[in-house]
Each structure stands twice: as C-alpha cells, then as structure tokens.
Amino acid sequence: MSSVAYLVFVHYGFYKLVIKSMRRVKIIGTGSYVPEKVLTNRDLEKIVDTSDEWIRTRTGMSERHIASEKDKASDLAIKAAHRALKDNNIPSEDIDIILVATATPDMFFPSTACFVQSSIGTKRSVAFDISAACSGYIFALSVAEQYIKSGKYTTVLLVSTEVCSRYIDWTDRNTCVLFGDGAAATVLKGVNGNRKDGIISTHIYSDGRYADLLYMRGGGSSYPLNHESIDNKLHFLKMKGNALFKIAVKNMTEVAREALAFNGYKISDIDLLIPHQANKRIIDAVAKNLDIPQEKIFINIEKYGNTSAVSIPLALDEALKEGRIEKGDLILMVAFGGGLTWGSALIKW
Ligand code: COA
C-alpha cells in the first residue's frame, strides 16, 4: 500500500469512528391501539368478590381494555405499528429490524414479530421477540439502541403488545382486577451530528432468584399443557403481590437514581417521568423516594390497568398526543416486571 493510500485508509477509519460516536438514536414515530371492549371495576364486582372502592384505592385503576376473542397479540401490534409509521409518514420499506416486546405472544414460535413483519410488508427486515415481561419495552429499547449506535441498523420498529386477559384466572380476585390488553409502537432512527437529542442512556437488569414472584408456568417445557396442568390452573398468571410491590418500589427508585447520576443530572432536571403502570401506590412511593412532583409524572393507569410491556410506550404516545412533551424535554422512563427485570431509559426529546 502506498503511503497516500495508507493515510486515506487511516483517515477513513478514524472518520467512521467519529461518526459512530456521534450517532444518536431518536424516536421518530409513536402509535398505540387498545381494544374497544372496556371492563370497569363495576363489571368486575359481578365476576369476583371485589369492589370498585377496593380496586381504586389499592391500585388506582378504574377500567381496562380487553381484546376480543379473535384478536391475537400480533393483531393489536399491527394496528399500533401502522399508527406509529403513519405518525411521521415513515415508509415500511425503511425498517431494518422489528422488535416485539411481549409476554403474551401469539404462540411460542414463530415469533410474534414475524407475524408483524409479514403483515406490514417489510421483507428485508429481520424480526424477533424480546421477553422481559413488564420491562419488555425498556429491554427492547436498549437492544435497539445498541444496534443503531453500532451502525448495524438504522431504523427500528419496536412494538409492545399484550393480551394479558388470556392468561388471567378470572376467578382470582388477587390478579384479575389488575391487568389489561393493548399495544404501542415506537419507530427509532439513527441520526448523525453533534446535537444532544435522542436516547441518552439505557440501563437494564435481571434477577432470576425472584422468578417465583410473578410467572405463568403452564405450556412450556417444564409443565406442558395437559389435563393435569390445566386442572391445576398452571396456564394462568400467578403473583405474590406484596413482595413484588416492595421490590418494585426499591428497584425503580434505584434505577431512576442511577440514570440521573450516570449522566450528571438532578431529579429537578426531569421534565416528565414515565413509570411502568402496575399500581398507582407503587408510582406514588417511587415519586416520594425521588422527591418528584406529581405534575411531572405521567399516569394513565386508571384507564388501562397494568398492560405489562405496553404501559410505558402507551403512556409515551398519550403524553405526546396530549402535548405533555416538548422539544428539548428530558424524559425518564422506569420499568419493573417479572423475571425479575427492571430498567430505565433517559431521553432528550
Ligand atoms: N378485591 C378485594 N379484596 C382483595 C382483592 C380485590 N380485588 N385482592 C386482594 N384482596 C384482599 C386480599 O385477599 C387480602 O385480604 P385478607 O387480608 O383477608 O387476606 C387483602 O385484600 C389485602 O391483600 P394484599 O395483597 O395485602 O393487598 P395489597 O394492598 O398488597 O394490594 C396488590 C394487592 C396486588 C394490588 C399489590 O400488592 C400490588 O400491586 N402489588 C404489585 C403488583 C405488581 O407489581 N404486579 C406486576 C409487576 S409488573
């Protein structure tokens, strides 16, 4: 190699490195979809021994949306995905990768992401699911961030979708009042330049020692579906609510503090906190620990209940459409879910 060619080669490598380090991940479209059917606390009073008063005061929930019998997780996901793409007129051919965050997929395989891909017609995009229960969106966001920052992909369609109602024991008042169905999509794009907007950081964590606090045992290789597993109700979600509550408050508080400290921000710098919506009392306890005022927290749990991986992107989509987020705002998202899993995303809008 001549010395000139060598210099060009070295400079080109250096230039690519600089571009990569300046590559930012921006959310360029959001959309959501919830099924039409609404199940109110009053409706639940007719199903199990509960009351509107108990549900509202213990959880902050008033109603939740329930998928129709024919709707699968992918059906909700596809509707949300179309809305997110239309949000900014993003052509589906631009999508390099489709990530679907769900704990309630259409089936074990193919992945729900493959059904989404075939419906929205992006033949060249790779598609796969991410399983991290209620933290699924933040985990998928973190995966998307790595792919985009590394330069491997430019445009990511991330869809969270859940049909929780299908895994609920409708005779168990401890769980059936808590969950709802829906889907929410986010389109992310890699952009270059030295502006500061986009994802600032994501932090994700797992601790499998606490797997028995929230699980759905039946149907997998440990408890395949058969008469016995169904008689024992293993195909329904089980939860130890009290223990989860305490860990959720502790871990969401810690991960929020970590996101701020890691990036040199104070809680007063945050314009909007978007927490996972599992229980209004969990959100209140985290807010108290962080010392963040209520008006800086986005809460829509009263309308949707806990929609698992959908709750944060659904809240984000609503916050944007309600004008609660402006250019330059600092947004902190914190999630918590079965696994256990938890995490944060700090975003400059
Ligand atoms: N209606 C009326 N009473 C109910 C009820 C309902 N829907 N569900 C439970 N109860 C009863 C219990 O049976 C218990 O009665 P008992 O004292 O006679 O045994 C009583 O209410 C208190 O139960 P407890 O579990 O202590 O209530 P709680 O205040 O902890 O609230 C949860 C229960 C589930 C709402 C709450 O623990 C929670 O939200 N946990 C975290 C959930 C979570 O994070 N889930 C998903 C993670 S992503």
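W342 first. Its relative accessibility is 13%, so W342 counts as buried; the cut-off for that is under 20%. Keep in mind that this is a predicted model.

What does W342 pair with? The partner is Y205, and the rings are stacked. Their centres are 5.7 Å apart and the planes sit at 20°. Y205 belongs to strand β8, residues 198-206, and W342 to strand β13. That is a link between distant parts of the chain, 137 residues apart. Y205 is partly exposed, with a relative accessible area of 31%.

How many aromatic pairs does a search of the whole structure find? Two. The other one joins Y147 and Y153. This pair is edge-to-face, with 5.1 Å centre to centre and 65° between the planes. Y147 is partly exposed at 26%. Y153 has 19% relative accessibility, so Y153 counts as buried, given a limit of under 20%.

R217 lies over the face of Y215, 4.1 Å from the ring centre.

Now the core. In soluble globular proteins, nonpolar side chains tend to be buried together. Here the largest nonpolar core has 42 residues. Inside this core, L332 and F336 have the most contacts. Which elements give two or more residues? Two helices, α9 (241-263) and α10 (280-290), and two strands, β12 (330-337) and β13 (341-348). The most come from α9, with nine residues. Why does this core lie between the domains? Because domain 1 (24-191) and domain 2 (198-348) both give residues to it.

Look at F336 in detail.

Last stop, G136. The residue lies in helix α6, residues 136-149. Buried or exposed? G136 is buried, at 0% relative accessibility. Beyond residues up to four places away in sequence, G136 touches A101, I130 and A309. T59 is 77 residues away along the chain, and the C-alpha atoms of G136 and T59 are separated by 21 Å.

To recap: a stacked pair at Y205 and W342, an edge-to-face pair at Y147 and Y153, and a core of 42 residues between domain 1 and domain 2.

Terms used
Residues are numbered from 1 along each chain as its sequence is written. This is a predicted model: local features need pLDDT of at least 70, side-chain atom pairs count only at pLDDT 80 or more; totals for chains, interfaces and linings use all residues. Side-chain values use heavy atoms; hydrogens and water are left out. A nonpolar core is a set of buried Ala, Val, Leu, Ile, Met, Phe, Trp, Tyr and Cys residues joined through side-chain atoms within 4.5 Å. Buried means under 20% relative accessible area, exposed over 50%, partly exposed in between (1.4 Å probe, protein chains only). Helices (H or I, at least four residues) and strands (E, at least two) are DSSP runs, numbered from the N terminus. Domain bounds come from an automatic or database domain assignment. Contact means heavy atoms within 4.5 Å. Rings of Phe, Tyr and Trp (its six-membered ring) pair if their centres lie within 6.5 Å; planes under 30 degrees apart count as stacked, over 60 as edge-to-face and the rest as tilted. A charge sits over a ring if NZ of Lys or CZ of Arg is within 6 Å of the ring centre and within 35 degrees of the ring normal.
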